[in-house]
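Hi,

Here is the structure I promised to pass on. Have a look at it first, and then read my notes below.

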Amino acid sequence: MNVKELIEQNKGTIVDVRTLGEFQGGHVAGSKNIPLNEVPTRVEEFRSMEAPIILCCASGNRSGQATGYLSAQGIECVNGGSWLDVNYYQSQCLSN
């Protein structure tokens with residue numbers, strides 16, 4: 001299932017791995033902010049979230065790194081890419 005389908009079906013948890021400052025400058029409504037450098041120390045927090053976890057950042061690079069790391073820990077997650085794309089999918093779902 002791709003990111004758009006997950007959002008359309010209201011599945012999973014959206015986590016933004018940008019810095020707090022970037023997150024405060026704009027983010028997907030309802031998303032959580034866990035900066036990439038904190039991901040390894042917050043694995044248990046990820047385990048407690050509704051899966052799959054949809055990771056996003058500015059371009060998809062940091063969320064890709066987080067996806068690789070969390071997948072290796074056995075956590076179901078997908079790289080959502082840019083938070084702007086994830087935000088777009090969510091806004092399309094809310095407008096339908």
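β3 and β4 run parallel and are joined by five bridges; helices (H or I, at least four residues) and strands (E, at least two) are DSSP runs, numbered from the N terminus. Along that pairing, I53 has C77 as its bridge partner in β4, and I54 has V78. On to β1 (residues 13–16): this strand pairs with β3 in the parallel sense too, over four bridges, with V15 standing opposite L55. Put together, the open sheet has four strands in the order β2-β1-β3-β4, with parallel pairing (two strands pair if DSSP finds at least two bridges between them). The edges are β2 (32–33) and β4, each with a single partner strand, so one side of each has no neighbour in the sheet.

Before I go on, the ground rules. This is a predicted model, so local features need pLDDT of at least 70 and side-chain atom pairs count only at pLDDT 80 or more, while totals for chains, interfaces and linings use all residues. Residues are numbered from 1 along each chain as its sequence is written, and side-chain values use heavy atoms, with hydrogens and water left out.

Back to β3, where five of five residues are buried (under 20% relative accessible area; exposed is over 50%, partly exposed in between, with a 1.4 Å probe and protein chains only). I53, L55 and C57 point one way from the strand, and I54 and C56 point the other way.

Next, the helix. β3, α4 and β4 make a right-handed β-α-β unit: with the strands pointing away from the viewer, the path from the first strand over the helix to the second runs clockwise. The buried residues of α4 are S63, A66, T67 and L70. Seen down the helix axis they fall within an arc of 105°, so they line one face (the arc is that of the directions from the axis to the C-beta atoms). Among the elements covering them are α3 (43–47), β3 and β4, where contact means heavy atoms within 4.5 Å. N61 and A72 are exposed, on the face turned away from the buried side. Just after α4, G74 takes a positive phi of about 85°.

Cheers
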